[in-house]
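Here is a set of questions and answers on side chains and their surroundings, written for a first reading of a model. Please look at the sequence and the structure together as you go.

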Amino acid sequence: MIGVRPEKKKLGGMPLEKRLMLDASLPVLTGQVLWLDAADATTIFDADGDDAATGTGGGNDGFSGSVARWQDKSVSGFDVTSGGGAQPSYGVDTKNGNNVLTFDGTTDRLSNAGAVISGSAYTAFIVYERDSPTAREAAFELGGGGSRNGLFLNNSGTDKYNYYLNGSFYNSSASYTVGNYNLVSITQAGTIVLVDVNNVNQIFASTATRTTTTGIYIGDDSTSGDFLQGKIAEVIIYDRALNSFEEHDVENYLASKWGMTIPNTDATLSTNAGSTVDELSNGNITNLVATDADNSDTMLCYTITSNPTYGYLYNS
């Protein structure tokens with residue numbers, strides 16, 4: 001008997017659908033314009049240029065624990081920086097065994113004032129945690145002046161997730177819980193914006209028009225008045241609207257990496273239970289049919305889960 005099942009690559013116990021992943025690398029790269037990854041200590045630098053992985057590369061006197069530069073892993077090179085007493089801490093807190101950046105809620109922020117993200121469409125992901133139950137705080141913001149958009153928390157004391165776009169706040173139906181990590185995805189396409197928290201939609205708007213933005217602000221907004229008191233683990237931004245399958249892949253990658261639980265339904269295989277043949281015959285496995293509630297992609301792969309007891313298996 002030969003058994004088969006739909007292939008789902010597992011990272012940390014959570015399936016990442018559609019793509020054969022040889023490691024925990026990011027599954028969607030096309031259109032990526034920012035990737036800040038706190039789990040990668042080689043991208044974290046202190047004021048004299050030493051990285052958090054080796055404590056060398058600049059002054060060679062060890063990593064100070066304060067983040068002066070967070071290196072962008074995308075092709076854009078949109079590193080975000082901070083100076084003086086505004087530097088978040090690194091290595092103080094962890095999530096799922098990975099270091100995160102800790103922001104004090106008073107002065108800590110990172111920015112790249114010249115980073116341009118063009119067009120009316122974009123998709124952003126952020127894994128963060130908020131410690132404070134009061135005041136309004138920004139997890140991140142793109143742009144400044146009359147062209148701004150980003151993720152805020154607790155606008156007007158409502159304990160909600162807030163999407164800010166060019167002067168207007170769009171608020172979630174659900175409230176956030178202080179001290180919990182969240183995976184937030186924001187997809188903007190034309191006038192439509194969708195904001196999901198842990199893969200559950202919380203904000204929908206159909207009259208929100210984004211324009212090209214200049215500037216990236218992490219742990220604060222562009223006006224430097226909404227400092228985050230909490231942690232940030234990872235930020236990923238694309239200059240296009242990802243389709244639902246791509247978005248699902250990135251969410252699964254992030255959830256697996258940071259030890260979070262999001263809704264996901266395993267694929268199932270039907271129609272064929274295998275074949276038993278005698279020693280002089282050939283057996284064929286045909287009519288493999290897969291379904292997946294999260295993914296309608298018909299190009300699912302299969303992997304052999306058990307070898308034939310006798311003889312050989314080959315692809316004809």
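Q: Leaving aside its neighbours within four places in sequence, which residues is Arg109 in contact with?
A: The model is a predicted one, and in it Arg109 lies in the loop between strand 9 (98–104) and strand 10 (110–117). Once the neighbours within four places in sequence are set aside, the residues in contact with Arg109 are Thr81, Ser82, Ala86, Pro88, Phe103, Tyr217, Ile218, Asp220, Asp221, Ser222, Ser224 and Phe227.

Q: Is Arg109 buried or exposed?
A: A residue is called buried when its relative accessible area is under 20%. The relative accessible area of Arg109 is 16%, so Arg109 counts as buried.

Q: With which side chain does the side chain of Arg109 make a polar contact at 2.6 Å?
A: Asp220 is one of the residues in contact with Arg109 when its neighbours within four places in sequence are left aside. The polar contact at 2.6 Å runs from the side chain of Arg109 to the side chain of Asp220.

Q: Which side chain makes a polar contact of 2.8 Å with the side chain of Glu234?
A: Glu234 is found in strand 20 (residues 229–238), and with a relative accessibility of 1% Glu234 counts as buried. Its side chain makes a polar contact with the side chain of Tyr253 at 3.1 Å. The polar contact at 2.8 Å joins the side chain of Glu234 to that of Trp258.

Q: What is the angle between the planes of Phe152 and Phe169?
A: A pair of aromatic rings is described by the distance of the centres and the angle of the planes. By the rule used here, which takes ring centres within 6.5 Å, the count comes to 6 aromatic pairs. One of them is formed by Phe152 and Phe169, an edge-to-face pair with 5.5 Å centre to centre and an angle between the planes of 90°.

Q: How many residues apart are Phe152 and Phe169, the pair that links distant parts of the chain?
A: Phe152 is buried at a relative accessible area of 1%, whereas Phe169 counts as partly exposed at 25% relative accessibility. Phe152 belongs to strand 13 (residues 147–153) and Phe169 to strand 15 (residues 168–175), and the separation between them is 17 residues.

Q: Which residue do ring pairs link into a cluster with Phe152 and Phe169?
A: Phe152 and Phe169 form an aromatic pair with each other. Ring pairs link these two into a cluster with a further residue, Tyr164.

Q: Over the face of which residue does Lys73 lie?
A: Arg69 lies over the face of Phe45, at 4.0 Å from the ring centre. For Lys73, which is 4.4 Å from the ring centre, the residue is Trp35.

Conventions: Residues numbered from 1 in each chain as written. Predicted model: local features only at pLDDT ≥ 70, side-chain atom pairs only at ≥ 80, totals over all residues. Heavy atoms only, no water. Phe/Tyr/Trp six-rings, centres within 6.5 Å; stacked < 30°, edge-to-face > 60°. Helix = DSSP H or I, 4+ residues; strand = E, 2+ residues; numbered from the N terminus. Buried < 20%, exposed > 50% of the residue type's maximum accessible area, 1.4 Å probe, protein only. Lys NZ or Arg CZ within 6 Å of the ring centre and 35° of its normal. Polar contact = N/O pair within 3.5 Å; in protein donor to acceptor, adjacent residues only side chain to side chain. Contact = heavy atoms within 4.5 Å.
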